[in-house]
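Please look over the model below before reading my points. They cover the ligand site and the contact between two chains.

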Amino acid sequence: MITLDPAILSRVAKPGRYTGNEWNSIIKDPSQVGITVALALPDVYEVGMSNLGLKILYQIINNRPDAAAERVYAPWVDMEAEMRRYHIPLFTLESKRPVQHCDIIGFSLQYELSYSNVLNMLDLSGIPLLAADREDKFPLVIGGGPCAFNPEPVAAFFDCFVIGEGEEVMEEVIETAADWKKAGKAGGRTALLKQLAGLKGIYVPSLYSVSYAADGTAAKAAVNCPEAKPVIAKRVIRDLNQVEFATRPVVPYLDIVHDRIMLELFRGCTRGCRFCQAGVIYRPVRERRPEILLQLAQELVDSTGYNEMSLTSLSSADYSCLHQLVQALIERFKEQGVSVSLPSLRIDSFSVQLAQEVQQVRKSGLTFAPEAGTQRLRDVINKGVTEENLMTAVGAAFGAGWSAVKLYFMIGLPTETDEDIEGIAALAYRVLDLYKTVKGRRGAKVTVSVSSFVPKPHTPFQWFGQNSPAELERKQQLLKSRLRDRNISFNWHDTRTSLLEGVFARGDRSLSQVILAAWQHGAKFDGWSEHFKSDVWLEAFRSAGLDPYFYAGRERKPDEIFPWEHITCGVDKTYLQEEYQRALAGAATGDCRRDDCRGCGVCPGLGVEVLDWGEQANG
Amino acid sequence: MAKLRVKITKGEEVRYISHLDYAGAIERAIRRANLPAAYSAGFNPHMKLSFASALGLGVTSEGEYMDVEFTAAVDPVMARNKLNDSLPPGIFVKQSGYVDDRSPALMAVVNLAEYRILAPLAAGTEFCDVQASLRRFHSADEVNYIRESPKKKREIDLKQFLVQDIAAAAAGEAVRLSMAIKITPTGSVKAGEVLAALVAQFDLPVVQDSALIHRVGLYIANETVRSLPLP
Ligand code: SF4
């Protein structure tokens, strides 16, 4: 057990990040369980603690008498300096043991910019960074989360990846590892990895050899042993009503990013926005039953004591029984001072009416995401909203007393022209004017928030050549010059980090050496602008002889084999290609839950069906 | 309405949380305990909690006081037990009792805080060096300490807040200091600030970073007696 010197804790910011003891944390004696798992998120405590997936796994693993799940996050730079200075290894928050003594360390990979932190955490743990260098005594290093759908850039650092939803497969991994350990680690690490490769949804990168074509594209990931499957399909929970949910999450002392109850209504989204990776990889839609949600909500209120509950799903407003559910939640918990919030709003007046119901007095800002400035471009990305929808919704919000509105857009989308950029400004002004029409006076505040589009694997835009940082900056400047009103504020993202994100999103195995080199030269916390070191990354590409443009900026050929081709979320590549063509033609595609099945392949391929509770209840 | 006053600890397990986070942890425990807490009106209703005095990050205590308003007077012992079942490790209700609804706020009556500091002796020094340092401190007419916040600097005379001489005792390789600090309507000072001044201005030979500060208690004091703010 590691005890931290008070002198260290008094020198670092927010020492509560490292001291544990939070309500609902489960401290088991590691010597009394067969397998210990460190659940890691390669970012700071406040970000790591907000991840719903890890909360679920924490509960599922700790329910097992033979296993212990503990938490570990990236120490902030001040703490890292102290740890390196005093030779304190990375430790878990529960038993305060070195992570190196755990049997498994599982990293949740939520965004590409956290890759350097994975290396930093392994290094702080004293675990060899390259999977190939790890002897039997070291923990099994597992990756999961959305980035695992193209794990190739970090393939060298992980023993295996969980593709898709982890509730069931994590238990299988634990059982396999426990048996192997009980059998005296027979056959060594290789034997364990081959057994794991036999589980559905587990990808062991070392069992595949990647060859490249003359033009540098990935030609093939070939299996090099019989245990490995040619294609790894994602794991998916058929019925969410049947699996455990995080009803007893650890309640932090510090104010974390999502410091509230997270109630997951459903998984998946069938709206089909063409830029959205989550919308593809979490298909199909599977709803929880309203009565189960009410029960989960009650357990969560009782076990956490939180005074706020957020209905989290990809597009919570799409839940089929939302209205009844929200009313029931408000009714049941108002005595206990618990408020309900909807993080993502659909652009329609129904949503505004709901927002009004849940936020009865407070009129803090409402957020809408038109994503693009013109109807033409919104059709390209299949964002099924019109300017009229937006104006009606915002008008309803103004009428209901809101005066601050935040509008989310992306720039750098396929087929985008300067007219589309100017359309963003025009929309912002129209919203300002609308306030005057509705209220008879000025006084609205509009925030225009613009992120840079990064094409993601498994989406219809996976072929698209990402805009260069220079082009994105030009577009930002253009927009800035059009937004000259003190009632409009403008936020934008660093274009250089978007490039890096784009490279790793669609990169291949050769990038592992770039990540390694960048980390060796000080890259970490790349998602935090104050720590992002663009020159270090560019130098790492240069020394590896690799061109970031090749991965991010190149329009890919229709028949190109992608580095992630051997990993499938169940959605057919032909469907995605068709969607890309429809995008370029500006043709909309409807919601497959409410309209016709679009034949994406998920439901028949994975044997899972769209589960829409409202529809079932009605017929 | 009923106002329950509790004496509550902040232990080693929660030493490194701020006052705001400490209050938040207690508020959530009250909700978990399902006690009939009263809420402020309006949106974002807040539980009606009030503390005697804020306790800083890094400081533990065995005698904090808090008032919580209930919509109905439940048995105070039952309330205490339920609360203790719901509180995280290190936070514990030692005593509880109702005070009059209209009784003055804790903040208005508590005027004295007693602290104990355990600090390792600096290398190559002895207890007599500590005593010498304290002697110089006690004979000074005033000790000015500059409190810096991100916005401004303020000079405070520490001595006007100390009600008696600081006592020191040797504790192995460490030294134990005891002090009592006045809490006035216009403000107070922290034990850590007194320690910092002792080290910086009077060469107190201790490892300041490693000092463990503990609040022994909070009191209502006058010239002659100290009493506890409990019914
Ligand atoms: S298979 Fe059809 S119904 Fe199922 S997710 Fe794909 S498009 Fe929707």
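The points below start with the basis of the model, then take the ligand and the interface.

1. This is a predicted model: local features need pLDDT of at least 70, side-chain atom pairs count only at pLDDT 80 or more, and totals for chains, interfaces and linings use all residues. Residues are numbered from 1 along each chain as its sequence is written, chains are lettered from A and ligands numbered from 1 in the order in which they are written, and side-chain values use heavy atoms, without hydrogens and water.

2. Residues of chain A surround the ligand, among them Arg283(A), Cys592(A), Cys597(A), Arg598(A), Cys600(A) and Cys603(A). A residue counts here if one of its heavy atoms lies within 4 Å. The shell holds seven nonpolar, two polar and two charged residues. Cys and Pro count as nonpolar, Gly as polar, and Asp, Glu, Lys and Arg as charged.

3. Chain A puts 33 residues in contact with 24 of chain B. Contact means heavy atoms within 4.5 Å. About 2300 Å² is buried between the two chains, and carbon and sulfur atoms give 58% of that. Buried area is the accessible area (1.4 Å probe) lost on putting the parts together, summed over both. In chain A, Trp23(A), Tyr253(A) and Gln336(A) lose the most area to chain B, together 28% of what that side buries.

4. One salt bridge links chain A and chain B. Arg11(A) pairs with Asp209(B), and their closest N and O atoms are 2.9 Å apart. The term needs a side-chain nitrogen of Lys or Arg within 4 Å of a carboxyl oxygen of Asp or Glu.
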